[in-house]
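Trainee: I would like to learn how to read ring contacts in a protein model. Please take them one at a time.

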Amino acid sequence: MIDARHAWRLALLSCTAIAPSIALAQSPPASSTPGSAGAGTAARTSPTSGTSDANEQVEISAPGAGGAGGAADIVVIGRNIPNPVRATPQVVSVLSSAEIARSGEGDIAGALTRVTGLSVVGNGFVYVRGLGDRYSSALLNGLPLPSPEPLKRVVPLDIFPTSVIASAVVQKSYSANYPGEFGGGVINLTTPVVPKESFFNIGISGSWDSQTTDELGYTYYGSRTDYFGFDTGARDVPEGLKGAIRSGNPVVVGSNFSADQVRGFAASLKNANTTVLQRNKHLPPNFSADLSAGKSTEVGSDATLGFVASASFSNTWRTRDVTQQVANDPELASLQRDFRTVITDNRAVTSGLLSVGLDFASNKIRLTSLYIRDTLKQGRMSAGYNASVADADPIPNPDFYGTPPILQQNTYWFERQLIDLQGVGEFHLGDVSLDLRGGYANSQRESPYEREFTYTYDRNTAKDYVNFLSRTGGQSASIAFNDLNEDVWAGGVDLGYKLPLDREVRVSGGYAYNKTERTSSRYLFDYVSANGALPIAVAQQRPDYLVSDYNIYTYDIRLSDASGAQGTAAYSADLRVHAGYGQVDAELFDGLRVNLGVRYEDGRQSVLPAGTGFAATLIKQDYWLPAATLTWNFAEDMQLRIAASKTIARPQFRELAYQVYQDPESDRQFTGNPFLTDSELKNAEARYEYYYARGQRVSVAGFFKRIDNPIEQVAFIVGGGGLRTGFANAPKADLYGAEAEVVHSVPLSGLGEAAFFASRKLMLSANYTYTKSELKLNDELVIGPDLSAVPANVLYRDGAPLTGQSDHLVNLQVGLEADDHLSQQTLMLNYASKRVTNRGPIQGSARQPDIFERPGFTLDFVAREEFQGIGKGIELKFEARNLTGRKYREYQNFEDRRVYVNYYKLGTIISAGATLKF
């Protein structure tokens with residue numbers, strides 16, 4: 001029996017039943033707080049419950065020279081306010097190691113979803129206040145943390161196990177000690193210098209996805225080590241073709257390359273293992289394993305040496321059964337494209353972290369190395385209708401009863417890798433503090449053998465799917481090779497001095513340097529038959545036979561370089577920033593504290609495309625970025641913060657480079673705009689905090705941002721009717737909103753004498769963020785995503801929200817927690833309201849509606865229980881994610897119809913795991 005969910009996936013396969021010839025083959029010592037006047041001390045947490053006392057002092061390492069005294073000397077009446085909050089003069093949210101453990105999450109991304117105003121998008125990408133990629137950033141021990149996905153700015157934080165993070169600080173108001181690219185906020189992760197106690201943990205888990213596990217999906221062989229995310233070399237570019245690419249000459253028959261050479265390039269490519277898409281009716285469950293260890297030892301009389309290490313591996317599967325549509329015109333007279341696509345992702349992630357630290361006489365040195373390899377193997381099968389294909393008759397209805405006129409398959413392999421090495425020294429010499437930071441990181445992204453084959457159904461002669469490699473009539477075959485390399489150097493020095501005055505006054509300043517260099521290439525080749533139309537029997541063959549060596553030499557099939565047709569084939573990019581800042585942190589009166597600072601940044605950003613005919617980018621700008629925060633601790637359990645600042649947001653390389661790349665998450669192509677400019681932000685915020693009991697609080701905040709030249713994602717329709725995403729500046733935008741948070745606990749001992757209730761309490765945590773943004777337009781010309789000049793009020797709609805911003809974000813957490821041992825049962829509800837993913841494409845003087853995404857509600861349940869067994873501590877963990885079975889919906893609303901750009905079901909994921917603690 002085949003249920004309804006299977007029906008469509010098998011329908012794709014039935015497209016080939018008429019033509020078998022193309023059928024598919026089968027807590028530690030503390031460090032300096034961010035920009036603080038004082039250093040923290042060791043965190044004091046309960047070893048059993050994981051809760052912290054009101055004076056918890058959390059290890060935080062961030063830009064800015066810490067002090068030698070203690071932040072509590074500044075705010076003398078804030079006894080009930082947790083130290084990490086009152087130690088910094090900025091608007092922050094702090095997750096200590098105890099709070100991270102309480103979240104029940106295995107990684108930092110999951111734990112951060114419990115912080116007010118944060119949301120997780122895709123695979124662990126954390127956005128602040130619902131704003132998009134460019135307005136969020138991440139630091140590790142105060143140094144830039146490049147993404148293993150260099151096409152994104154933010155880092156997928158789900159690769160950081162919670163066991164190796166001492167704290168996570170989310171700072172939402174700007175201070176001059178942080179980099180000037182500070183839009184919505186910054187997330188700073190700190191690794192411990194030395195662990196308080198030695199530990200060694202081994203964990204293993206498995207999970208089941210209702211939409212994927214034991215269901216039908218598509219995959220291909222690749223190489224024998226694909227499961228681990230490493231290729232054996234099967235996808236290496238052949239040396240002959242590689243040399244031809246390096247020559248800089250177009251790979252076509254002519255003065256540089258003979259017909260024999262070009263045929264040879266086609267024949268040298270690995271074929272069946274990267275081409276044959278196979279159906280798997282029973283996809284396996286997901287698997288992950290990890291280990292973490294830490295140890296410290298006394299060195300001499302006043303020093304401690306320690307290390308913390310972790311390693312993890314996961315292999316997960318995900319199948320999406322997607323409806324993909326493109327509107328033909330602003331009035332929606334018809335659809336340009338209407339496809340059903342089945343996409344199967346096999347993701348393998350390997351990560352390792354090693355941190356070695358020395359703590360001596362209030363000084364700390366930490367050396368940290370991080371390795372992440374994130375590989376995605378994707379099989380894609382699509383069937384449907386395209387109005388640009390003349391031979392394809394319209395579909396009689398959206399469910400494709402009958403035979404879909406177009407059949408397309410893709411095989412992808414995305415390798416992403418990050419190596420990050422850094423050293424941090426934090427020294428306190430009386431009233432003088434000195435911080436030294438330096439790091440190097442390398443990010444790589446390779447996507448070899450991006451294969452695509454498109455067949456159309458011949459209703460007259462063959463009564464079969466055919467591909468004549470004509471590049472017309474929707475029949476084609478292509479292969480692309482992508483390679484990206486990015487190097488990041490960062491360093492800084494911060495110096496602070498506590499003035500010898502009656503009241504606490506600390507002055508600090510510093511210098512920071514950042515250098516990023518990138519090279520990127522994308523070479524696209526079409527298969528073409530030089531002898532004209534192929535015999536119909538050949539055109540009916542499945543993809544690997546179609547481009548086999550026999551056919552290549554028999555029918556003179558060649559590679560034809562199409563790289564320049566979609567922008568520059570290669571580019572080099574560079575960003576260099578020199579920065580200096582000065583800052584004063586002073587107690588004006590008892591309980592009243594002010595932090596004033598200014599940062600100067602001199603930036604030079606360039607993108608140089610290869611060849612001629614493509615615009616280069618050079619942005620040379622310097623900025624003075626002032627920041628001020630006033631903190632009034634007017635009661636021992638209350639404080640009010642008011643902050644104002646100016647910050648910037650630079651365009652990313654991927655947004656500037658006029659080069660096409662495939663995003664596997666949205667299943668859409670992106671391209672850059674070399675005419676983008678920097679965005680400038682003016683920020684204001686006020687926040688009230690009430691800590692009415694230990695571990696319990698209420699906070700309310702309001703914020704406002706004015707953005708000049710915000711960068712927006714804009715969709716446009718390319719040749720062949722495809723939908724592509726580009727970027728363009730808008731004149732201005734305003735963003736404002738408010739957020740509220742409540743954390744409360746209720747002891748359950750009064751419910752009876754049963755031991756279960758005697759040691760437990762009910763934990764309630766809720767936060768809500770309301771954000772409203774509006775584009776402010778005029779009739780000035782802007783450069784659109786297709787690089788043509790267009791009036792801003794045609795490309796955008798006045799008053800429209802910024803892309804990537806949700807009006808409403810809700811996090812609700814209700815659970816039981818034991819005080820005397822690790823026992824937690826937590827129900828978590830997350831909600832994000834609809835947000836714009838792309839501005840609607842313009843066609844002439846008219847524009848289509850914007851493209852929205854509706855994340856909706858997510859309901860999760862997490863349970864953790866620890867007990868003693870076989871002489872060791874054993875922690876069991878059970879998770880049930882997406883219990884509501886929500887769907888992913890990306891769509892446009894027309895007057896009487898909704899067009900789904902992407903629509904598919906998200907599975908309910910059930911996982912169970914165990915960790916053995918030595």
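Trainee: Which charged end sits over the ring of tyrosine 220?

Mentor: A charge sits over a ring if NZ of Lys or CZ of Arg is within 6 Å of the ring centre and within 35 degrees of the ring normal. Here it is the charged end of lysine 377, 4.9 Å from the ring centre of tyrosine 220. Likewise, arginine 898 has its charged end over the ring of tyrosine 891, 3.9 Å from the centre. A word on the source: this is a predicted model, where local features need pLDDT of at least 70, side-chain atom pairs count only at pLDDT 80 or more, and totals for chains, interfaces and linings use all residues. Residues are numbered from 1 along each chain as its sequence is written, and side-chain values use heavy atoms, with hydrogens and water left out.

Trainee: How many aromatic pairs are there?

Mentor: Rings of Phe, Tyr and Trp (its six-membered ring) pair if their centres lie within 6.5 Å; planes under 30 degrees apart are stacked, over 60 edge-to-face, and the rest tilted. That rule gives 23 aromatic pairs. One of them, tyrosine 227 with phenylalanine 313, is tilted, with 6.0 Å between centres and 50° between planes. These two residues are 86 apart in the chain.

Trainee: Is phenylalanine 313 buried or exposed?

Mentor: Buried means under 20% relative accessible area, exposed over 50%, and partly exposed in between (1.4 Å probe, protein chains only). Phenylalanine 313 has 16%, so it is buried, whereas tyrosine 227, at 34%, is partly exposed.

Trainee: Which residues do ring pairs link into a cluster?

Mentor: Tyr174, Tyr178 and Phe182 are linked in this way.

How values were computed. Helices (H or I, at least four residues) and strands (E, at least two) are DSSP runs, numbered from the N terminus.
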